[in-house]
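Open the model in your viewer and keep the selection panel at hand. This tour goes stop by stop.

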Amino acid sequence: FGGRPHLANPEVLSLYPPHVLVRFLPLAWFIAISFALHAWLAAAGTYLAARHLGASRVAALAASGAILCGRLFVSFEDMAYSLDVYRLAWLPLLAACALRSADRQAWLPRPDLVIVTTLALVAAALNPAYLVATVVACYGFAAMWPSHPASQSRHLVAQPVLLACLTVGLCAFQIVPRY
């Protein structure tokens, strides 16, 4: 790592909570289980987002199955070195949570959205480009949806701003040294 401390490198994902749970496994098992967990996470998020958008159970299962099976065609060598596997796995669940949160008239985002966004930001090695695009697209989509009249849509601006503050705070709490 060129003299850079292991814990200080966000691309190592050493403080990433799903990795902490399986860190004791041999490297080959660690990579395979981590990839399977993230493939399942992407499929579950796709199912929830499709159901929230009004798709039938069969259509939502087909979409999540396509995501799950599509992730299985990534070669083993690419799994070990690509942060995109972890970064992209959280986006469907992030979209599902953002759409659910946008339906609330409250100014605070839903707690599940804050947790998913925080985990996704840590998984993205603190590179928020995909996360910001997903959240902005979901709230923009919710603003265009007919159920939100313009007079009652202030929460669609407040929630993403508060979400960013809460997410950065939770990431800093996890990453910044406490001594």
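A pocket here is an open set of grid points with protein on both sides within 12 Å along at least five of seven lines, and its lining residues have an atom within 4 Å of a point. Keep in mind that the model is predicted.

**Stop one: the pocket.** Select T117, L121, P128, L131, V132, V135, V136, P160, L163, A164, T167 and V168. These residues line the second largest pocket. Its volume is about 200 Å³. Now colour by element. Helices α7 (111-123), α8 and α9 (155-175) each give two or more residues to this lining. Which element gives the most? That is α9, with five residues. By residue class, the lining holds 10 nonpolar and two polar residues, and no charged ones.

**Stop two: α6 against α8.** Select residues 91-103 for helix α6 and residues 129-144 for helix α8. The two helices pack at an angle of about 35 degrees, and their axes lie 9 Å apart. The crossing of α6 past α8 is right-handed. Show side chains next. From α6, pick L91, L94, A95, A98, L99, S101 and A102. They meet Y130, L131, T134, V135, C138, Y139, F141 and A142 in α8. This contact counts 13 nonpolar residues, two polar and no charged. Look again at L131 and V135: both belong to this contact, and both also line the pocket from stop one.

**Stop three: a salt bridge.** Select R100 and D112. Their side chains form a salt bridge, at 3.4 Å from N to O. R100 sits in helix α6 and D112 in helix α7, 12 residues apart, so the pair links distant parts of the chain. How many salt bridges does the model hold? The count is two.

Definitions and conventions. Residues are numbered from 1 along each chain as its sequence is written. This is a predicted model: local features need pLDDT of at least 70, side-chain atom pairs count only at pLDDT 80 or more; totals for chains, interfaces and linings use all residues. Side-chain values use heavy atoms; hydrogens and water are left out. Axes are lines fitted to C-alpha atoms, for helices over the stretch in contact, and angles run from 0 to 180 degrees between N-to-C directions. Helices (H or I, at least four residues) and strands (E, at least two) are DSSP runs, numbered from the N terminus. A crossing is left-handed if the near helix is turned anticlockwise from the far one by less than a right angle, and right-handed if clockwise. Contact means heavy atoms within 4.5 Å. Ala, Val, Leu, Ile, Met, Phe, Trp, Tyr, Cys and Pro count as nonpolar, Asp, Glu, Lys and Arg as charged, and the others, Gly among them, as polar. On a 1 Å grid over the protein atoms alone, a cavity is a set of points where a 1.4 Å probe fits but cannot get out, and a pocket is an open set with protein on both sides within 12 Å along at least five of seven lines; lining residues have an atom within 4 Å of a point. Grid points are joined across faces, edges and corners, and a volume is the space filled by probe spheres set on the points. A salt bridge is a side-chain nitrogen of Lys or Arg within 4 Å of a carboxyl oxygen of Asp or Glu.
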